[in-house]
Amino acid sequence: MLCPSRGPLSRRVLLGKNASSLAAILQPELGAIKEAGTWKRERTIASAQSTKIRLSNGQEVLNFCANNYLGLANNQELITAAKKALDKYGVGLSSVRFICGTQDLHVELEEKVAKFHGKESTILYSSCFDANAGIFETLLSPEDAVFSDELNHASIIDGIRLCKAKRFRYNHRDMADLERKLRENSSSRLRLIATDGVFSMDGTLAPLPEIVNLAKKYNCLTFVDDCHATGFFGRTGRGTEEYFNCQGRIDIVNSTLGKALGGAQGGYTTGPKELVDLLRQRSRPYLFSNSLPPPIVATGIKVFDIISKDTTFVDRLESNTKHFRNSMVSAGFKISGDNHPISPVMLGDAKLASTFAEKMLERNIYVIGFSYPVVPMGKARIRVQISAAHTEDDIDLAVNAFTEIGKKLAVIR
């Protein structure tokens with residue numbers, strides 16, 4: 001509402017001055033980002049997400065930086081399932097779940113997710129970021145405590161900030177430090193250990209066997225964000241729980257439909273029925289966000305059907321990952337991670353990583369340089385991500401390009 005002494009023109013002048021002031025404040029920070037070589041330029045894709053994509057300038061490139069681990073983002077079975085759901089159920093619900101936003105599709109997908117993970121119940125969210133934002137505040141009170149790995153995903157960190165529990169950060173994958181903190185803080189009502197299953201910038205794994213043993217010893221709950229493992233890691237793709245033979249020992253798993261499981265959207269929490277019941281009543285991102293659109297839910301149902309039948313995609317991805325990692329190490333590169341499809345090529349310098357990625361694009365290989373603040377200062381890298389849809393020839397082309405550029409930039413000999 002305008003002040004009586006000011007008309008619309010005066011208001012526009014004020015807004016213009018404020019905008020100029022904001023620009024003056026932000027310009028130096030933006031300039032510093034560019035000067036540091038950490039500016040993140042968004043490339044525009046003019047095709048479906050796949051191993052081979054077309055950029056807006058018409059360039060055809062091989063994609064080695066998508067979370068499309070199983071190569072299902074443009075899978076025809078999923079596209080058909082989405083189209084059928086679109087025709088039958090419409091574009092969206094225009095509502096949250098508890099009002100008029102729950103369809104039989106949502107219930108079916110939640111049941112399939114719970115069965116896949118061997119849990120009692122599941123609740124869907126718009127994203128795993130929302131799932132992480134909703135769980136800690138709902139579950140934990142000031143009487144409780146949460147113990148979080150220092151390199152957990154930003155969404156876990158932000159979710160924990162929202163809760164009123166006592167918060168403890170333990171050194172990355174350091175079980176001695178975690179045990180010290182558990183031993184020193186033994187009076188809380190509930191104690192929850194929270195970790196990523198796979199740390200996405202490094203491709204390294206949380207030491208789940210040691211974590212679950214400490215949880216049992218100190219009577220703690222366990223929480224794992226398995227976004228970079230669900231559907232493709234472990235013998236049958238059931239994630240880090242299965243990889244470490246810890247199935248049934250992790251209390252709560254949060255994960256996503258937006259990576260290996262079709263690459264669209266959506267996340268979930270799966271665990272004890274009582275927890276899921278409470279989240280339906282109290283979790284703010286669930287209560288105040290629209291339901292997942294029917295076509296996305298239908299693709300989720302279809303993808304769980306596909307990956308539950310056999311391990312074809314999982315086996316192919318494992319083979320491709322070994323081939324890339326072994327070839328790159330033989331070429332002289334340092335590759336981070338624990339035999340995971342996330343295969344970071346460590347370069348150190350931010351500008352070098354950015355230059356390297358641009359030169360790879362000139363050779364029709366699409367990769368991105370990662371630098372601070374996404375990764376620690378001085379640990380810039382190109383995070384390569386392997387897909388089951390890559391062929392051996394695709395991988396060889398990428399390795400050859402890395403090798404040629406690596407020699408020109410004196411990264412390898």
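The model is predicted, so local features need pLDDT of at least 70 and side-chain atom pairs count only at pLDDT 80 or more, while totals for chains, interfaces and linings use all residues. Residues are numbered from 1 along each chain as its sequence is written, and side-chain values use heavy atoms, with hydrogens and water left out.

A nonpolar core is a set of buried Ala, Val, Leu, Ile, Met, Phe, Trp, Tyr and Cys residues joined through side-chain atoms within 4.5 Å; buried means under 20% relative accessible area, exposed over 50%, and partly exposed in between, with a 1.4 Å probe and protein chains only. Helices (H or I, at least four residues) and strands (E, at least two) are DSSP runs, numbered from the N terminus. Leaving aside neighbours within four places in sequence, Phe-304 is in contact (heavy atoms within 4.5 Å) with Leu-109, Val-113, Phe-116, Leu-257, Leu-261 and Tyr-268.

Ile-25 lies in helix 1 (residues 8-35) and, at 57% relative accessibility, counts as exposed.

**Paired strands**

Two strands pair if DSSP finds at least two bridges between them. Three strands form an open sheet in the order 1-2-13, with mixed pairing. Strand 1 (52-54) and strand 13 (365-366) stand at the edges, each with a single partner strand, so one side of each is left without a neighbour in the sheet. Strand 1 and strand 2 run antiparallel and are joined by three bridges, whereas strand 2 (residues 60-63) and strand 13 pair in the parallel sense over two bridges.

Elsewhere, strand 11 (residues 267-271) is mostly covered, with five of its five residues buried. Strand 11 pairs in the antiparallel sense with strand 3 (residues 121-125) over five bridges, and with strand 10 (residues 252-256), also in the antiparallel sense, over four bridges.

**Salt bridges**

A salt bridge is a side-chain nitrogen of Lys or Arg within 4 Å of a carboxyl oxygen of Asp or Glu, and by this rule the count comes to 17.

| Pair | N to O distance |
|---|---|
| Glu-110 and Arg-280 | 3.1 Å |
| Arg-189 and Asp-144 | 2.7 Å |
| Glu-404 and Arg-363 | 3.4 Å |

Glu-110 in helix 4 and Arg-280 in helix 10 (residues 273-282) link distant parts of the chain, 170 residues apart. Glu-110 counts as buried at 6% relative accessibility, while Arg-280 counts as partly exposed at 23%. Asp-144 is buried, with a relative accessible area of 0%, whereas Glu-404 is partly exposed, with 44%.
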